[in-house]
Amino acid sequence: MADASTTERLDRSAIVTLVALSLGILVVANDFTALTVAVPSIEHDLDTTLNRAQWVINGYTVVFGVLIVTGGRLADLFGRRRVFVIGALIFGAFSLLGGLAPNIGLLIAARALMGIGGAMMWPSVLGMVYDIIPKSRSGLAGGLIIGVAGLGNSIGPLLGGILTDTLGWRWIFFVNVPVALLAVLVVLRNVPESKRGSGIRVDYAGIASLSAAVVLVLVALDVGSANTFASPWVLGMIAVGVLLLPVFVLIQRRQGDDALVPRRVVSSRQFSGALISILLLGSVFFGVLVYVPQYLEKELGWSAFAAGAGLLPMMLTFAAVSFAAGPLYHRIGSRLVVGIGAACLSAGVLVLALVIGTGYLPLVPGLVLCGIGVGLYFSAVTTAAVTAVRPEDSSLAGGIVYMGNVAGGSLGLGVNTAIVLAAAAFTVGIRNAFLVDAVLGVVGTIVAVWLIRSEGSRTRTPT
């Protein structure tokens, strides 16, 4: 038996294109974390408050999370190359505007519009990468995408800190411009346009109802985390957002093949299993990402930059393991890789729960274990979800999976925050939240192993 992946080589044009697309992934992922260390400088330079400055980060995240499914559907309908180019130009243009912004209002608006560009770029990249890489090496695609994203997330605080301390926080925005332009030029030159959907209308009602539901819930969770979940405004936004979800489902049933999320996509057992699992495990990852740095700052007295660097054992392991997950995916199959990754992530957060409050070094084994879990799980589950649907739906599938990650993470973070605030001591609250996360992780692991079939190892051909 010979592994088919060893016989299908990528030509130079494909490699150059993958590098350009990786740069696109890098800047989008980097922008989630790079500005976290620049918030105090933004507050000072633009004479604003912490609550308003935080929306430089939250505005981007919310818009990205709301529109990524729409971006995926548009990429499948109108062509992935076209949607990527438009998204990259939007991202680059408003990065420039953000770097030049004279006040906090314009900066927040620029960041929100950057989120639109990112939501168009990300699912388009997913579809193009899976188009470029042979199906027998599809695990490599998932590993590349998630690995580069992990690298972008991990170097974000470091790069942001260096730029803020040397050239100023505005350069965090300026560096996006040449990278976005380079990616556009390479994609236009090397990537043929994907097959477009024919005779299909844009589901405006579906876009509006889903976007409204997600934005209300995400904003409510963000405001509730910063203030209180008992606020009538917060509870009202959550209630309306939740009530809009069945409205969205009814709209999808009436739209048929024109739906934003067609039934043929969600009816796949493997895709549904991947989505449910990622909703649960996204909360675990987000909880660690937010509360370990808070512990380092509030309990150990670390600076924001040092606290960001404290996550490197997890984030660098995450990036490295993601690149190795592709070959492993084809060697042992998706079910095992997803299951092992989910189990490692669940075990990692359990270790963190048991040692939180004892200093930093005892956290490192748990962080590394979480990094292994995230690197294996997210790359493999993305590939399992995208390859479970028709090729013409791959960008949509990628967008749904990523929105599931963001939504699950945001919901989980809201639960974690409520648990932390209810505890008598901050460290005790984090421990309790991480224990709940470990339980969610175990449930997500069981769902993944039960519903995801072992795909990947079957791509071998006899010699």
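Which residues lie nearest the centre of the second largest pocket? They are Leu210, Leu245, Phe248, Val249 and Met403, among 27 lining residues. This is a predicted model, where local features need pLDDT of at least 70, side-chain atom pairs count only at pLDDT 80 or more, and totals for chains, interfaces and linings use all residues. Numbering runs from 1 along each chain as its sequence is written, and side-chain values use heavy atoms, with hydrogens and water left out.

A pocket here is an open set of points on a 1 Å grid over the protein atoms alone, where a 1.4 Å probe fits, with protein on both sides within 12 Å along at least five of seven lines; lining residues have an atom within 4 Å of a point. The volume is about 810 Å³, taken as the space filled by probe spheres set on the points, which are joined across faces, edges and corners.

Helix 10 (232-255) gives the most to the lining, seven residues. Helices are DSSP runs (H or I, at least four residues), numbered from the N terminus. By class, the lining has 22 nonpolar, three polar and two charged residues; Ala, Val, Leu, Ile, Met, Phe, Trp, Tyr, Cys and Pro count as nonpolar, Asp, Glu, Lys and Arg as charged, the others, Gly among them, as polar. Domain 2 (204-259) and domain 3 (265-458) both contribute lining residues, so the pocket lies between them; the bounds come from an automatic or database domain assignment.

Terms used
Helix = DSSP H or I, 4+ residues; strand = E, 2+ residues; numbered from the N terminus.
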